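Keep the sequence and the 3D view at hand while reading.

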Amino acid sequence: MQSVPKAHPPRRSALRRDAPRSFRNEESGTTVVIAALTAPLLLALAGLGGEGAYAYFKHASMQSVSDVAALSAAAAYKTTANVLAAKAEAASVAAQLGYRNSDNLTVTVNSPPLSGPNTTNLTAVEVILTLQQEPLLTRVFRNDAYTIRTRSVSRPGAGTPGCILTLSPTASPA
């Protein structure tokens, strides 16, 4: 009978060479590692997007208020011919709509405007709202407040009367 040669155990140096190769081929935990590395980036991008959307919404809201305040001031100037009354009207309308002078919000009313084509028009009224907004979701990236600013200019018309059209839901069709 022929004897079968015994297999010798692998040498230690061979085990060391094969270990990194087997570790490289192992894929069972890669999803967890990739998720752990990308989660902070995705959260930061979501925070930046949310902060940008909030700033855009706040700017649109402030622009509407400054437009209404400027139009109201121009109408007040047209009826009173008093610049101080027009300024007071603009500040009053802005305050009624929730925009009062405070630590982070400034309501500025100028007549005549400080910039633009109406700087020499004494009847034009400029309303500037400036908000120092503290970062909400992006405080990790920036600690200082950013500025949201709106500006509206209005002046009284040439004296043509306005028109209001009302529709009745109960009137007979024409």
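Which residues does Leu129 touch, not counting residues up to four places away in sequence? The model is a predicted one. In it, Leu129 touches Met62, Val65, Ser66, Tyr99, Thr106, Val107, Ile148, Arg149 and Thr150, with residues up to four places away in sequence left out.

## The nonpolar core

Leu129 is among the residues with the most contacts inside the largest nonpolar core, a group of 21 residues.

Helix α2 gives the most, with 7 residues. In soluble globular proteins, nonpolar side chains tend to be buried together.

## The salt bridge

The structure holds 1 salt bridge. Its partners are Arg151 and Glu126, whose closest N and O atoms are 2.5 Å apart. Side chains of opposite charge can pair when their charged atoms come close.

Arg151 lies in strand β3 and Glu126 in strand β2, so the pair links distant parts of the chain, 25 residues apart. Are the two partners buried or partly exposed? Glu126 is buried, because its relative accessible area is 1%, under the limit of 20%. Arg151 is partly exposed, with a relative accessible area of 30%.

Leu41, Leu42, Leu45 and Leu48 make a nonpolar surface patch of about 420 Å².

How values were computed. Residues are numbered from 1 along each chain as its sequence is written. This is a predicted model: local features need pLDDT of at least 70, side-chain atom pairs count only at pLDDT 80 or more; totals for chains, interfaces and linings use all residues. Side-chain values use heavy atoms; hydrogens and water are left out. A nonpolar core is a set of buried Ala, Val, Leu, Ile, Met, Phe, Trp, Tyr and Cys residues joined through side-chain atoms within 4.5 Å. Buried means under 20% relative accessible area, exposed over 50%, partly exposed in between (1.4 Å probe, protein chains only). Helices (H or I, at least four residues) and strands (E, at least two) are DSSP runs, numbered from the N terminus. Contact means heavy atoms within 4.5 Å. A salt bridge is a side-chain nitrogen of Lys or Arg within 4 Å of a carboxyl oxygen of Asp or Glu. Patches are made of residues with over 30% relative accessible area and no salt bridge: like charges are joined within 9 Å, nonpolar side chains (Val, Leu, Ile, Met, Phe, Trp, Tyr) within 5 Å. Accessible areas come from the Shrake-Rupley method with a 1.4 Å probe; for residues, only the protein chains shown count as cover.
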